[in-house]
Each structure stands twice: as structure tokens, then as C-alpha cells.
Amino acid sequence: MSAVQGIVIEGTGGVWQVRTPDGELRPAALAGRLKQEEREFVKLAVGDHVTIEPEERGQGWRITAIGPRKSVLARREPGGRYGERVLASNIDQVCVVFSVANPEPHVRMIDRFLVVCEANDLEPHLVLNKVDLAVDPAVVDALAAPYLKAGYPVHRTSVKRDIGLDELRAVLHGKVTAVAGPSGVGKSSLLNTLHPGVALRIGEISQSVNKGRHTTVGAKLIPLPDGDDGYLVDTPGLREIAMWGLPAESLDQCFREFRPYLGECRFQDCHHEVEPQCAVQAAVASGAIDRARYDSYVKLYAELRDAERQR
Ligand SMILES: Nc1nc2c(ncn2[C@@H]2O[C@H](COP(=O)(O)OP(=O)(O)OP(=O)(O)O)[C@@H](O)[C@H]2O)c(=O)[nH]1
Ligand SMILES: [Mg+2]
Ligand SMILES: [Zn+2]
């Protein structure tokens, strides 16, 4: 057998599991030449598209080429000795799941997840689950409105009443998707319903990390069943990854509805808080930018700036 293409779905201690188009998992190690290069620039990560070749001796495979990455989920540590650590590459999208009730959604937390996605160039989808619990549909409309206005896809679902599930299955189809959101909102329930059996494996890594058994942060790709060539990404939670290393000055870029106004402010280093002739504040005043989203920006900005001062 000669060279085959595959995708890295898991890896620890130098052995990577590469899934080839036939659905087989092939344990592979980086070829010596790539190991040298890796130290300098690329670090192989889950989600990488690779070329593998059988080893001359033995049944193993070696990774002889790493394809270009279209996105990277990284934990950045500015000033840190190791620069950034790539958790997963080529994630197409993130489903940010919240429930409309039980637990109550926190818009600030929704905004935080969206900022993490934007900072990593990951396409977010907001999923509002448990819509069966909303006594008044207008409440769900009000929750969704700022995000729709900002340009995010919003999906309303109920596992209990089978609402929006076909739509969500179509969103996952053929894509590499990370699922994020607070505890209890129904992430496992949704995945179990969409793809029975798959969700059981989700969360294994995050839970062991939480228990402190893992010292490093890993990620894993879980193939969707039934010939769907999509994957779910099990990462130890975008929440843990948080906004590590995001410079406060870049936060405004991570509110996508602010972008048309950035550069229009009088001062180039405008923080959009107290400065005169600020295009963002003007857009908030005119209603073009949602005020609650702007309030989130102000809170998160203060948080990031405090973190910078502490360093
Ligand atoms: N009413 C209602 N309850 C739901 C729905 N989806 C999930 N639940 C319930 O919400 C609870 C939590 O669901 P999980 O799927 O465990 O939530 P999770 O997001 O995976 O939580 P963690 O694994 O802790 O992060 C369970 O009791 C589910 O039965 C829904 O659409 N409507
Ligand atoms: Mg769960
Ligand atoms: Zn401004």
C-alpha cells in the first residue's frame, strides 16, 4: 500500500490516530524529517489533514506531510515560553448551545463564547435549546434578536418536542463541529437525539481534565455515523480556553457587528467607551448596535485589561 490521505482524530505521546477515507483508524507517528520541522513551526494537531505512508518494517504508518490549515483553535499565551498551543485545526464551526430556561441563559456568557469563536476565526451557530420551556415565544424572540441582527445564525430547538432537530442535523452534516455551552443546557441530549451513540463519547476528555487526571489539554474528533463525513470535536470546553491571551485592543473585532464602525472613530486607539466622536457609541445610540451586546463588550474589555495589568 502506498501513500494515503487521512485526518488526525486523536493523539497522545507521539502516536496519532489517523482516519482514512475507508473509515479505518491507522496509528501513525510523525516522520523524522517532519519532527525536525515541527519543532520550528508546525505542531501537528487533531483535525490536521495528513498524508501517511506504511512503514518499511512493521505494521505502523508514518505521517509524511501535513496539509495547510484553514482554521486553528489555539490557546494563546502571550509572553509565555511556548507561544500558542494548537488544540485542534480545521474546525468548520462551533455550536454554542444555551437553553431558554432551566438553566436561564446569561447573555454575557453567550457573548463570551462568541468572542472566543471570533478570536479563533471559528464560525459560530447559536443554538437556543429547550424552547418547549418558554411560556412566551416572545421571550425567545427577544433573546435571539441581537444575535440575528449581529449576523449570527440562530437555531431554536427542543429535544423534548422534536423542534428544530432536522435543521440542526443539517448544520452538522459534513462539517467538523465543536459543541460548546454551559452545563445542563442539553448538549448531550441534542447530540444523542441527532446521532444516537455518538454523544456518549463526548465529554470524556473534558471530564477527565476537570478531575485533574490530564495535565495537558487534548482534543478529539468523533466521526458522525451513517456515512456522514462530518465530525464532532471534543475539546475540553471553549469555556476553559476562555479568552486567554486575547489582547483587550482586539476585542472590538470580536463583536462582528462593530466591524463596520471600527476605523470610523475619531481616535485610532478608541476603546469605544468615553471617547468623543466614537462611531461605535453613535451606533449604539442610534440602535444600530444592540445595547446589551455593547454592555458585554464594556465588561469583557475591563476584564481583559485587568488581566493585562496583572501580567
Ligand atoms: N424541557 C427540556 N429539557 C431538556 C431538553 N434538552 C435537554 N433537556 C434536559 O436537560 C437536562 C440536561 O441535559 P444534558 O443533555 O445532560 O445537558 P448538557 O449540556 O450535556 O450538560 P453537561 O454535560 O453537564 O455539560 C436533562 O435532564 C435533559 O433531559 C429540551 O429540549 N427540553
Ligand atoms: Mg453533557
Ligand atoms: Zn470608538
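The protein chain has an average pLDDT of 86, and 85% of its residues score at least 70; pLDDT is the predictor's confidence in each residue, from 0 to 100. Two residues are in contact if their C-beta atoms, placed from the backbone, lie within 7 Å.

This is a predicted model, where local features need pLDDT of at least 70, side-chain atom pairs count only at pLDDT 80 or more, and totals for chains, interfaces and linings use all residues. Residues are numbered from 1 along each chain as its sequence is written, while chains are lettered from A and ligands numbered from 1 in the order in which they are written.

**The overall build**
- You'll find nine helices and 13 strands in the protein chain; helices (H or I, at least four residues) and strands (E, at least two) are DSSP runs, numbered from the N terminus.
- Of the chain's 311 residues, 34% count as buried. A residue is buried if 20 or more other C-beta atoms lie within 10 Å of its own, exposed if 12 or fewer, and partly exposed in between, with C-beta atoms placed from the backbone.
- Take the contacts between residues at least 6 apart in sequence: 64% of them join residues at least 24 apart.

**Around ligand 1**
- There are 15 residues around ligand 1, and Ser183, Gly186, Lys187, Ser188 and Ser189 come nearest. A residue is near a molecule if its C-beta atom, placed from the backbone, lies within 6 Å of it.
- Helix 5 (residues 187-194) gives the most to this shell, with three residues.
- Sorted by class, the shell has three nonpolar, eight polar and four charged residues. Ala, Val, Leu, Ile, Met, Phe, Trp, Tyr, Cys and Pro count as nonpolar, Asp, Glu, Lys and Arg as charged, and the others, Gly among them, as polar.

**The nonpolar core**
- The largest nonpolar core has 71 residues, and Val96 and Val233 touch the most other members. Such a core is a set of buried Ala, Val, Leu, Ile, Met, Phe, Trp, Tyr and Cys residues joined through C-beta atoms within 7 Å.
- Helix 2 supplies the largest share of this core, seven residues.
- In soluble globular proteins, nonpolar side chains tend to be buried together.
- Setting aside neighbours within four places in sequence, the contacts of valine 96 include Ile110, Phe113, Leu114 and Val127.

**Strand 13 and its partners**
- Strand 13 (residues 231-234) is covered on both faces: Tyr231 and Val233 are buried on one side, Leu232 and Asp234 on the other.
- Strand 11 (residues 176-180) pairs with strand 13 in the parallel sense over three bridges, and alanine 178 has valine 233 as its bridge partner. Two strands pair if DSSP finds at least two bridges between them.
- Strand 12 (residues 220-223) runs antiparallel to strand 13, joined by four bridges; here proline 223 is partnered with tyrosine 231.

- Asparagine 102 and proline 103 are joined by a cis peptide bond, with omega about 0 degrees.
- Proline 103 sits in the loop between strand 8 (93-99) and helix 2 (107-119).
- Asparagine 102 also has a positive phi, near 50 degrees, though it isn't glycine. Asparagine 102 is exposed, because 10 other C-beta atoms lie within 10 Å.
- Histidine 272 has a positive phi too, near 65 degrees, and is found in the loop between helix 7 (238-241) and helix 8 (279-286). Histidine 272 counts as buried because it has 25 C-beta neighbours inside 10 Å.
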